[in-house]
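The sequence and structure come first.

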Amino acid sequence: MDAAPNPRRRIVVGVTGGIAAYKAVQVVRELVLAGHDVHVVATEAALRFVGAPTFEAISRNRIETDLYEGVAEVRHVALGQSADVIVIAPATANTIARLAAGLADDLLTNTVLASRAPLVLAPAMHTEMWQNPATVANVATLRERGAVIVGPATGQLTGNDSGPGRMEEPEVIVAATLQAAGAASSLATVQDFSGRRVVITAGGTREPLDPVRFLGNRSSGRQGVALASAARNRGADVVLITAHLEVEPPDGVSLVPVGTALELQVAVTDAAASADLVIMAAAVADYRPERTSDAKIKKGQAHEGLSLELVQNPDILADLAAHRSPGVTLVGFAAETEPDDERLIETARQKLRRKGCDYLVLNRVGWSTGFASERNEVMMLDSAGDIVMTAAGAKDSVADRILDRLA
Ligand code: CTP
């Protein structure tokens, strides 16, 4: 098995006012030692527990606390926009409430609001506060929006009491943060897909015209390959059905190479019969030439241009959904060029209904966005058409966000 990627990430560590702030020092230290660029944003309350010099020395970067410092550089927005992941440890009940309400009354909440990066929260509070219906609802809201909640653990709290509310251990928070940023090493990765059979299609199908030509598309297969690696790292048994790829497929997965949409249909229908999850990330040709010439089509054959008769390919995803075995989750992808956000989402909702799948991952593509890029920006809709997750960043980090939602 090849090593999972471990690139340097820009990580914002938010620290809020709780006694567990002292353990945030360890979180920062481990992230720095793992080679990441770490920026601490502390609330005023946090600095009553741990001093700014400690965080500055450990993070090797200036600590950020004040909304009104660095205004000329628009720092309150810049930090969030440039982050690959934001982790808040400890996250107090008060900060969780402010985030759930979308407030931006200090640098940390501004940073979160101005960011599309994954958000990881490590709550720490007394058991009564954790179990209070207000906190329960706020955590549910944040989870629904895609936040990863790590812990809290159960154990001795600050006073004599014990119960759920203790901040999770630093190494667990670090592992969850790196996983959310798509930078986890396979050892640190939570095995939440262990024993699950996952089928993923990736790349662009090619429909032959003659022995040397085909009708194809610009899909590179990067997002599907990133999903396959991420699912493998999380313990899944992965079958990766590859149409044309411009990247190397990962080790440690079963590869089924295909060419045309019809070949892909046979392969995925076969693999789906025993799968728990099918992700159709491949770009499938909707049409194929009615006839494929056995000999190369020569220039002189047609006098005034050449017309191609095309016939429609089956809608593979819709057919899978119509004949699905119980218990399988079906995920489609939709690459759309619609520039208007509302119309883009409406198009996706119609597509969901038409296909009958459980989730649709939507991204906007154009001449220069989407396909060949290392990055992606997606929205995930459930079968009711509700947006259940949005993610932007490296395709491997987007892959983990999609899997977080499906786990
Ligand atoms: N798909 C499929 N079979 C096809 C075409 C697409 O299974 N013949 C799958 C893709 O793998 C993707 C989803 O359906 O998961 C949406 O693909 P897309 O090309 O966006 O949708 P189309 O059905 O082709 O709709 P349109 O061309 O109208 O956008």
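## Terms and model

Helices (H or I, at least four residues) and strands (E, at least two) are DSSP runs, numbered from the N terminus. The model is predicted: local features need pLDDT of at least 70 and side-chain atom pairs count only at pLDDT 80 or more, while totals for chains, interfaces and linings use all residues. Residues are numbered from 1 along each chain as its sequence is written, and side-chain values use heavy atoms, with hydrogens and water left out.

## The shell around the ligand

The ligand is surrounded by 15 residues (one heavy atom within 4 Å). Met-280, Ala-282, Asp-286, Lys-351 and Lys-355 are the closest. At least two residues of the shell come from each of helix H12 (316-322), strand S16 (329-336) and helix H13 (341-355). S16 gives the largest share, four residues.

A polar side-chain atom of Lys-351 is 2.6 Å from a ligand oxygen. A polar backbone atom of Leu-317 lies 2.8 Å from an oxygen atom of the ligand.

## Thr-16

Thr-16 sits in the loop between strand S1 (10-15) and helix H1 (21-33). Thr-16 counts as buried because its relative accessibility is 1%, where buried means under 20%, exposed over 50% and partly exposed in between (1.4 Å probe, protein chains only). Its side chain reaches the backbone nitrogen of Thr-92 at 3.2 Å.

How values were computed:
Polar contact = N/O pair within 3.5 Å; in protein donor to acceptor, adjacent residues only side chain to side chain.
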